[in-house]
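Let's take a friendly walk through a protein model and look at a few of its local features. Keep the structure open beside you as you read.

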Amino acid sequence: MEFSKLLISLFIFQVFLPCHMSIQAAPANSDLFREYIGAEFNNVKFSDVPINSNVEFHFILSFAIDYDSTTGSPSPTNGKFNVFWDSDNLSPSQVSSIKSTHSNVKVALSLGGDSVGDGYAYFNPSSVDSWVSNAVSSLTNIIQEYHLDGIDIDYEHFNADPDTFSECVGKLIKTLKNNGVISFASIAPFDDDDVQSHYKALWKSYGDLIDYVNFQFYAYDQGTTVSQFMNYFNTQSSNYNGGKVLASFISDGSGGLTPENGFFTACSRLKSEDKLHGIFVWSADDSKRNGFRYEKQSQALLAISH
């Protein structure tokens, strides 16, 4: 009887070991630093932001939105994207310049965002195929014009169910990668039931194509503690299992765990657990007024041998 129990235990151990191993093989520490830029039109430039040569640095232009940009009240365009960031200060020539000056810099664009004009920016496709076709075409043009390397998905409001969102965005990323237009893609969910249902559907079907999860930990309550942050991080790492979930803060201090209240303590703890897959910040526009103090500190932490 005991022998048969042992055999069963060994069998169960063997069955579950490969799965367990794959979870353990999740990404380790990284030196990736990412910063959103250009949404607030306060004249911030790439060259304003301190760049540590010992990190991998991504600027993320905010935002490209599939709304028309000419009318007073923008309306959705079914995947035909337009530039809504501060393109006077963050132009194609300025992208080329920052990349040629710093070999460790890549530049991406983010899709969607919270708002457009005076209203929310909705994900609002007419159909999967038409949206994907329009999005591939319009984004390829923008990405090539601006010499960009990747995309970030930051829709926060939806007029489509999770499966439609998953198919549209998943096929977009797949096509842009297959065509050699982008080399990386990320998603930027936060802890909201509707948002999570859409991004988890995308992750389930197309997670293998998504390189980074820019989880908006700053969307949690202001006054988040280090231990709460660690719990949130582990929860979201489980939701996006196997993904490179990045730690994050908002530089105006309006939510989440702030640098003043222990953000870097939490990052050091993640690093000691081999879970610091990178740090991202919203946003350069807000950090300009404090001299990018915490960008410097973030990169210094990441640059220490990972």
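## A buried phenylalanine

This is a predicted model. We begin with Phe 292, which counts as buried because its relative accessible area is 5%, under the 20% cut-off for that label. To find Phe 292, look in the loop between H8 and helix H9 (293-303).

The backbone deserves a glance here too. Phe 292 has a phi near 60 degrees, a positive value in a residue other than glycine. Most residues other than glycine have a negative phi.

## Another positive phi

Asn 43 also belongs in this story: its phi is near 70 degrees, and again the value is positive in a residue other than glycine. You will find Asn 43 in the loop between strand E1 (32-37) and E2.

Is Asn 43 buried, partly exposed or exposed? Its relative accessibility is 45%, so Asn 43 counts as partly exposed.

## Two cis peptide bonds

Most peptide bonds are trans. Now look at the bond from Ser 62 to Phe 63: this one is cis, with omega near 5 degrees. Phe 63 sits in strand E2 (residues 56-65).

The bond from Trp 282 to Ser 283 is cis as well, with omega near 0 degrees. Ser 283 lies in the loop between strand E13 (279-282) and helix H8 (284-287).

## A negative patch

Which residues form a negative surface patch? They are Asp 191, Asp 192, Asp 193 and Asp 194.

Within this group, Asp 193 is part of helix H5 (residues 193-206). Asp 193 counts as exposed because its relative accessibility is 70%, and the label applies over 50%.

Notes: Residues are numbered from 1 along each chain as its sequence is written. This is a predicted model: local features need pLDDT of at least 70, side-chain atom pairs count only at pLDDT 80 or more; totals for chains, interfaces and linings use all residues. Side-chain values use heavy atoms; hydrogens and water are left out. Patches are made of residues with over 30% relative accessible area and no salt bridge: like charges are joined within 9 Å, nonpolar side chains (Val, Leu, Ile, Met, Phe, Trp, Tyr) within 5 Å. Accessible areas come from the Shrake-Rupley method with a 1.4 Å probe; for residues, only the protein chains shown count as cover. A salt bridge is a side-chain nitrogen of Lys or Arg within 4 Å of a carboxyl oxygen of Asp or Glu. Lys and Arg count as positive and Asp and Glu as negative; His and the chain ends are not counted. The place of a charge is taken as NZ of Lys, CZ of Arg, CG of Asp or CD of Glu. Helices (H or I, at least four residues) and strands (E, at least two) are DSSP runs, numbered from the N terminus. Buried means under 20% relative accessible area, exposed over 50%, partly exposed in between (1.4 Å probe, protein chains only).
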